[in-house]
Amino acid sequence: MIERRKSKIQGWGVFATAAIPKNKRIIHYAGEKISNQESLKRERRYIQRGHIWCFKLTNRSVIDAGVGGNDARFINHACKPNCYIDIKEGIIWIRAAKPIPKGQELTYNYNTDGEGLIKCRCRPGCQTLL
Ligand SMILES: C[S@@+](CC[C@H](N)C(=O)[O-])C[C@H]1O[C@@H](n2cnc3c(N)ncnc32)[C@H](O)[C@@H]1O
Ligand SMILES: [Zn+2]
C-alpha cells in the first residue's frame, strides 16, 4: 500500500502505491519506547543532523524511531496533511484523513512543540518552523 521514495519536501518520503480509503490505518510508528527525559537528550543529537525521530506518546513517554523504527519514520510533515495520528493502547497509528490517491505522498502534522529549528517546506512560501 505504501513505499519509500525521494520526496520533494525533504529527503525520503512515503507514498501511496494504491488508493487508500479515508480513516484507514496505514502504518504504526514503530521504535523504542523511552522516557521524555531521555528523548530530550537524544533529540538534541538528532537535530544537529537535521532530523526529528522522537514522537511524543504521552507526557512521560516517547517513541524513538531512530531505534527499531519502520517506514513510518520517513513520513514528512505538512501543515495541511492527508494523514492524522490516532493513539490506541500505546500504539501510534497513522491514518488517512481523506481518500488518498495512488502516488500521493503521505504527510501528517508533526505538531512539534520544540524549538522550531527546521523551516517547513510542505508548500512554496510556508512560514512554519518545525
Ligand atoms: C521523520 S523524518 C522524515 C523523513 C525524512 N524526509 C528523511 O529523509 O529521513 C523528519 C525529518 O524530515 C524533515 N522534514 C519532514 N517534513 C518536513 C517539512 N515539511 N519541511 C522540511 N523538512 C521536513 C526534517 O528534517 C525532519 O526532521
Ligand atoms: Zn508547512
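Tutor: Two residues are in contact if their C-beta atoms, placed from the backbone, lie within 7 Å. Keep that cut-off in mind. The model here is predicted.

Student: Which residues is Lys33 in contact with, leaving aside its neighbours within four places in sequence?

Tutor: They are Ser61 and Ile63. Lys33 itself sits in strand S4, residues 32-35. Between Lys33 and Ile63 there are 30 places in sequence, yet their C-alpha atoms are 4.6 Å apart.

Student: Why does Lys33 count as partly exposed?

Tutor: Lys33 has 13 C-beta neighbours inside 10 Å. Buried needs 20 or more, and exposed needs 12 or fewer. A count of 13 falls in between, so Lys33 is partly exposed.

Student: What makes Arg60 exposed?

Tutor: Its count is 9 C-beta neighbours inside 10 Å. The limit for exposed is 12 or fewer, so Arg60 qualifies. Arg60 lies in the loop between S5 and S6. Beyond its neighbours within four places in sequence, Arg60 is in contact with Ser35 and Asn36. Asn36 is 24 residues away along the chain, with 5.2 Å between the two C-alpha atoms.

Student: Why is Ser39 called buried?

Tutor: Ser39 has 21 other C-beta atoms within 10 Å. Ser39 belongs to helix H1. Setting aside neighbours within four places, Ser39 is in contact with Ile34, Cys54, Val62 and Asp64. Gly125, 86 residues apart from Ser39 along the chain, is 31 Å away, C-alpha to C-alpha.

Student: How do you know that the length of H1 is close to the expected one?

Tutor: H1 runs over residues 36-48, which makes 13 residues. The expected span is 1.5 Å times one less than the number of residues.

Student: Which residue just after H1 takes a positive phi?

Tutor: Gly50 does, at about 80 degrees.

Student: Which residues other than glycine have a positive phi?

Tutor: Asn23 is one of them, with phi about 75 degrees. Glu89 is another, with phi near 50 degrees. Asn23 lies in the loop between S2 and strand S3 (25-28). Glu89 lies in the loop between strand S8 (83-88) and strand S9 (91-96).

Student: Why do Asn23 and Glu89 count as exposed?

Tutor: Asn23 has 12 C-beta neighbours inside 10 Å. Exposed means 12 or fewer, so Asn23 is exposed. Glu89 has 4 other C-beta atoms within 10 Å, so Glu89 is exposed too.

Student: Which residues of the largest nonpolar core touch the most other members?

Tutor: Of its 18 residues, these are Ile26, Tyr29, Phe55, Ala65, Ile75, Ile94 and Leu106. Strand S5 (54-56) and strand S6 (61-64) each give two or more residues to this core. Take Phe55: leaving aside neighbours within four places in sequence, Phe55 is in contact with Tyr29, Val62, Ile63, Ala65 and Ile92.

Student: What surrounds ligand 1?

Tutor: A shell of 19 residues, the closest being Gly11, Trp12, Asn76, His77 and Arg121. Strand S2 (12-16) and strand S7 (76-77) are the elements giving two or more residues to this shell. The shell divides into nine nonpolar, eight polar and two charged residues.

Key:
Residues numbered from 1 in each chain as written. Chains lettered and ligands numbered in written order. Predicted model: local features only at pLDDT ≥ 70, side-chain atom pairs only at ≥ 80, totals over all residues. Near = placed C-beta within 6 Å. Helix = DSSP H or I, 4+ residues; strand = E, 2+ residues; numbered from the N terminus. Nonpolar A, V, L, I, M, F, W, Y, C, P; charged D, E, K, R; others polar. Core = buried A, V, L, I, M, F, W, Y, C linked by C-beta atoms within 7 Å.
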